[in-house]
Amino acid sequence: MKQLKWTKAFRKAAGKEMTVDSTLQFAARRNIPVRYNREHVATTLKAMQRVSEIRAKRERVFYKNRMAGNKEKQKAADRKLVAENEHLLPRQRASERIAEEMEAEAMEAEPLETPVVQEAPPRKIARKQKVKQRLLVGGGVENVMDVD
């Protein structure tokens, strides 16, 4: 049989499908004639429902186990992609870089047994508003007010 990626044979051979499970035997067709009995049908239907619940649970566990290492692999691939294309990322401002370096130095230089001091909540700092300017055809500059 040709084992194409979308066939059951390929999926079982590649370990993507559960091949050994006792619940799969219940799905096998039985060609034994049985006389109709109401209680027998009721118990059979209950058993079928329970078997399908067990199979669904086992399939979920099988899938989780199969996908267990994918997060680490994806993170490693993402880190590699960022490292290769670092030139495309926006550069860090010098002020931010200096602040991070100072924090790192302060953390290294700070002794381990210092008392914890509660800091006041940070206040909002008023920033300078950008003044928009428009170049005029005659060579001058016109200030444009930003209306919100």
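Five helices and two strands make up the secondary structure of this chain, and the model is a predicted one. Along the sequence the order is α-α-α-α-α-β-β.

On to burial and surface. Of the 148 residues in the chain, 3% are buried. The accessible surface is about 15500 Å², with 55% of that belonging to carbon and sulfur atoms. As for contacts with a separation of 6 or more, 39% are between residues 24 or more positions apart.

There is a nonpolar surface patch of about 440 Å², made by Y36, V41, L45 and M48. V41 sits in helix α3, which covers residues 38–66. Its relative accessible area is 33%, so V41 counts as partly exposed.

Now the salt bridges. The count is four. Take D21 and R58: their closest N and O atoms are 2.4 Å apart. This pair links distant parts of the chain, with D21 in the loop between α1 and α2 and R58 in helix α3, 37 residues apart. D21 is buried, at 12% relative accessible area, while R58 is partly exposed, at 35%.

R50 pairs with E53, and here the closest N and O atoms are 3.4 Å apart. Both residues lie in helix α3, three residues apart, or about one turn of the helix. E53 is partly exposed, at 42% relative accessibility.

Last, E17 and K8 form a salt bridge, again with a closest N and O distance of 3.4 Å. K8 has 52% relative accessibility, so it counts as exposed.

Terms used: Residues are numbered from 1 along each chain as its sequence is written. This is a predicted model: local features need pLDDT of at least 70, side-chain atom pairs count only at pLDDT 80 or more; totals for chains, interfaces and linings use all residues. Side-chain values use heavy atoms; hydrogens and water are left out. Helices (H or I, at least four residues) and strands (E, at least two) are DSSP runs, numbered from the N terminus. Buried means under 20% relative accessible area, exposed over 50%, partly exposed in between (1.4 Å probe, protein chains only). Contact means heavy atoms within 4.5 Å. Accessible areas come from the Shrake-Rupley method with a 1.4 Å probe; for residues, only the protein chains shown count as cover. Patches are made of residues with over 30% relative accessible area and no salt bridge: like charges are joined within 9 Å, nonpolar side chains (Val, Leu, Ile, Met, Phe, Trp, Tyr) within 5 Å. A salt bridge is a side-chain nitrogen of Lys or Arg within 4 Å of a carboxyl oxygen of Asp or Glu.
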